[in-house]
Amino acid sequence: MAAEDEDPADREELDYRFTLANERTFLAWIRTALALLAGAVGLDQLTPDLAPVPVRVTLSVVLAVGGAGLGVAAYHRWVRVERAMRAGGPLPATRTMLVLTVCVAVAAAVFSVLIVGRSR
């Protein structure tokens, strides 16, 4: 029998704790995206002497675009996980965390170089 033919009353409802855990994960990703956006604004507005304007603006734009991209990725992941849980299938894998980790590591390295170069 196809899933469309099933009586909704016969389907077992997903444990709400799983849905709430998925939502908490989504919100954690959104907080990280907001932190990237705040970092972009802070870097641009509060550190005028940290680096030359083109470098500072480029870093700010990269952080802002990263925050926007992470926000979109968070929603996309939330939807995929929700569908997988409701279908009883395996949870989908994602490369977003690897990309985020590499980007944060590169940003930290660049900021470290800028801070050390400024202090000399």
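**Aromatic pairs, helix packing and the nonpolar core**

The count of aromatic pairs comes to 2, where rings of Phe, Tyr and Trp (its six-membered ring) are taken to pair if their centres lie within 6.5 Å, with planes under 30 degrees apart counted as stacked, over 60 as edge-to-face and the rest as tilted. In one of these, Phe26 and Trp78 adopt a tilted arrangement, with 6.4 Å centre to centre and 50° between the planes. Phe26 belongs to helix H1 and Trp78 to helix H2, so this pair ties together parts that are 52 residues apart in sequence. Helices (H or I, at least four residues) and strands (E, at least two) are DSSP runs, numbered from the N terminus. Tyr75 and Trp78 also form a tilted pair, at 5.9 Å centre to centre and with 35° between the planes. Both Tyr75 and Trp78 lie in helix H2, 3 residues apart, about one turn of the helix. Through these ring pairs, Phe26, Tyr75 and Trp78 are linked into a cluster.

The model is predicted; local features need pLDDT of at least 70, side-chain atom pairs count only at pLDDT 80 or more, and totals for chains, interfaces and linings use all residues. Residues are numbered from 1 along each chain as its sequence is written, and side-chain values use heavy atoms, with hydrogens and water left out.

Solvent accessibility was classed as buried (under 20% relative accessible area), exposed (over 50%) or partly exposed in between, using a 1.4 Å probe and protein chains only. Trp78 is partly exposed because its relative accessibility is 26%, and Tyr75 is likewise partly exposed, at 49%. Asn22, in helix H1, counts as buried because its relative accessibility is 4%. Apart from neighbours within four places in sequence, Asn22 is in contact (heavy atoms within 4.5 Å) with Arg77, Trp78, Val81, Glu82 and Met85.

The largest nonpolar core contains 13 residues, and those with the most contacts inside it are Trp29, Leu43, Leu63, Leu70 and Leu114. Helix H1 (16-46) and helix H2 (53-87) are the elements that give two or more residues to this core. Such a core is a set of buried Ala, Val, Leu, Ile, Met, Phe, Trp, Tyr and Cys residues joined through side-chain atoms within 4.5 Å. When residues up to four places away in sequence are not counted, Leu70 touches Trp29, Thr32, Ala33, Leu36, Thr96 and Leu100.

Helix H2 comprises 35 residues and reaches 51 Å from its first C-alpha to its last, close to the 51 Å expected at 1.5 Å a residue; the expected span is 1.5 Å times one less than the number of residues. Just after H2, Gly88 takes a positive phi of about 75°. Ala84 lies in this helix and counts as buried because its relative accessibility is 12%. Neighbours within four places aside, Ala84 is in contact with Gly89, Pro90, Leu91 and Pro92. The C-alpha atoms of Ala84 and Ala33 are separated by 24 Å, the two residues being 51 apart along the chain.

Val104 is located in helix H3 (residues 96-119) and is partly exposed, with a relative accessible area of 44%.
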